[in-house]
Amino acid sequence: MVETTRRQVAKAVSWQALGLFSMTLIGWLLTGSFNVAGSFAVISALVGLVAFVLHERFWAGIRWGLR
């Protein structure tokens, strides 16, 4: 079976929503502030996005393990 693009996008969006929710909840439990928690969750998501792109670009230049 091969996933459709729509399914892949839906999975990515639901994963990101779950991450934002869980990071907001953790931040709220630790700080008691939804504003701080939400800011923390958004910043974490943005840092994760940038880190993922840089990680992928780094690995794109490595030939090891390719056939």
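This is a predicted model: local features need pLDDT of at least 70, side-chain atom pairs count only at pLDDT 80 or more; totals for chains, interfaces and linings use all residues.
The lining of the largest pocket comprises nine nonpolar, four polar and no charged residues. Residues are numbered from 1 along each chain as its sequence is written, and side-chain values use heavy atoms, with hydrogens and water left out.

The largest pocket has a volume of about 250 Å³. Of the 13 residues lining it, Gln16, Ser44, Ala45, Gly48 and Leu49 are the closest to its centre. A pocket is an open set of points on a 1 Å grid over the protein atoms alone, where a 1.4 Å probe fits, with protein on both sides within 12 Å along at least five of seven lines; lining residues have an atom within 4 Å of a point. The greatest contribution to the lining comes from α2, with eight residues.

Two salt bridges are present in the structure, each defined by a side-chain nitrogen of Lys or Arg within 4 Å of a carboxyl oxygen of Asp or Glu. Glu3 forms a salt bridge with Arg7, with the closest N and O atoms 2.8 Å apart, and another with Lys11, where the corresponding separation is 2.7 Å. Glu3 is partly exposed at 30% relative accessible area, as is Lys11 at 42%; the term covers values between buried (under 20%) and exposed (over 50%), with a 1.4 Å probe and protein chains only.

Definitions and conventions. Grid points are joined across faces, edges and corners, and a volume is the space filled by probe spheres set on the points. Helices (H or I, at least four residues) and strands (E, at least two) are DSSP runs, numbered from the N terminus. Ala, Val, Leu, Ile, Met, Phe, Trp, Tyr, Cys and Pro count as nonpolar, Asp, Glu, Lys and Arg as charged, and the others, Gly among them, as polar.
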